[in-house]
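Good morning, colleagues. Please look at the sequence and the structure now.

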Amino acid sequence: MILLLGSYLAGLLGSLTGLGGGVVVIPLLTLVFGVDIRYAIGAALLASIATSSGAATAYVKEGITNIRLGMFLEIATTIGAVIGALLAVYTPVNIIAIMFGSVLIFSAAMTLRKKNQDALTEGSKLSYLLKLNGSYPTKDGVVNYKLKNIGAGFSIMTVAGVISGLLGIGSGALKVLAMDTAMRIPFKVSTTTSNFMIGVTAAASAVVYLQRGYMDPGIGFPVILGVLAGAFTGSKLLARINPQTLRIIFCVAIVFVALQMIYNGIQHKF
Amino acid sequence: MKHIFSALWGDKDVELVVGQLLRYGVVTASVVALTGGIMYLLLHGSGPVPQYGNFIGEGAGYTTFNGIFKGALALNATEVIQLGVLILIATPILRVIFSLLAFILEKDKLYIFITLIVLCVIMTSIFGGLKV
């Protein structure tokens, strides 16, 4: 019952801050409920899929998501995710905890930084070859954008995939970094496209986790239901409140959680 | 310019269908998980909380497709929950398959190829015997 409420909060916070449900689910399960981190990762993967699919229904209608770009980069993330899920067997749990803490801090920093709003007018050769340039609708009409540094973006995506397979989170922050900073995609497009990819990436590693027995039904069902309900409420609330202040408070909180995870990891408390 | 626009519109119709698909998938998964969850609580709710602090892993009944389907048909609570989990995992994969169909309709050979690679990676992880 508490788990259900907790997951609801996790989904709510995840969708309000744009970090995704998994990031909140893992510390909640491990630090508060004392669940083994491997079960927590399995549950977090489910949370990632649930938030991604839940939110995507809203975005596709607006036509912002760049499906071609998402599909192309999914080659990198799915391969990475499978590698990550395989690596997870051989990685000691305390190392996973330390890595998770570091990724958390990084994600918190990423949500606070300046966002790329400008659309590039000149793309690289590869971007034309792969038909990755696109456009999206705004209030002032359709904006066209072009891409560059596709190689760099593709490599960062592979890393993002490995991390998401290893830690069970969507690693949306890394995905946005690859698209925003390296490939110079406008923020709106990169956020929605990354959301589209998170579901597919998480599904690729979730199968491995499921077959390995990392997903427990007793933990799974409250997490799925809680996160879905939370994400739904979050998307409704988001229209009414200003998430910027909330985001800052949340980021400070998450840094503390991250430090706790790293500390426990070093102390071998998992 | 005109044919670009018509291609875009085709894309959008498929996208709407995909959006619906995602919603139905998520709703079905949560309903199935909820049903299983209620059954689970009726059975185990009064008992002590299982020791999740010790990692033991799950038996074959929860981790193989056959085990899950058989158990769910027999209305075992835990397998019904795992069936919900399966549906949830299947939704994004179905989305990739739908995108593949969309690219086939558009005769976009490059992206048919790219989507196939993605599908192959996912299928390898499902059937590739990665159970280490």
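Does Phe154(A) count as buried or as partly exposed? Phe154(A) has a relative accessibility of 27%, so it counts as partly exposed. Please bear in mind that this is a predicted model.

Let me turn to the aromatic pairs. Over all chains, the structure holds 2 of them. In one, Phe72(A) and Phe154(A) are tilted, with 5.2 Å from centre to centre and 35° between the planes. This pair links distant parts of the chain: Phe72(A) belongs to helix H4, residues 67–90 of chain A, and Phe154(A) to helix H7, residues 150–167 of chain A, 82 residues apart. Phe72(A) is buried, because its relative accessible area is 11%. The pair of Phe103(B) and Tyr111(B) has ring centres 5.5 Å apart and planes at 40°, so this pair is also tilted. Phe103(B) is buried at a relative accessible area of 2%, and Tyr111(B) is buried at 0% relative accessibility.

Tyr111(B) also brings us to the contact between the chains. Arg68(A) lies over the face of Tyr111(B), 5.3 Å from the ring centre. Both residues take part where H4(A) meets H5(B). Among the other residues there are Phe72(A), Ile75(A) and Ile79(A) in H4(A), and Ile114(B), Val118(B) and Val121(B) in H5(B).

Finally, the geometry. H4(A) and helix H5 of chain B, residues 109–127, pack at an angle of about 25°, with axes 9 Å apart. H4(A) is therefore roughly parallel to H5(B). The crossing of H4(A) past H5(B) is left-handed.

How values were computed
Residues numbered from 1 in each chain as written. Chains lettered and ligands numbered in written order. Predicted model: local features only at pLDDT ≥ 70, side-chain atom pairs only at ≥ 80, totals over all residues. Heavy atoms only, no water. Phe/Tyr/Trp six-rings, centres within 6.5 Å; stacked < 30°, edge-to-face > 60°. Helix = DSSP H or I, 4+ residues; strand = E, 2+ residues; numbered from the N terminus. Buried < 20%, exposed > 50% of the residue type's maximum accessible area, 1.4 Å probe, protein only. Lys NZ or Arg CZ within 6 Å of the ring centre and 35° of its normal. Axes fitted to C-alpha atoms, helices over the stretch in contact; angles between N-to-C directions. Parallel < 35°, antiparallel > 145°, perpendicular 65-115°, else oblique. Left-handed = near helix turned anticlockwise from the far one by under 90°. Contact = heavy atoms within 4.5 Å.
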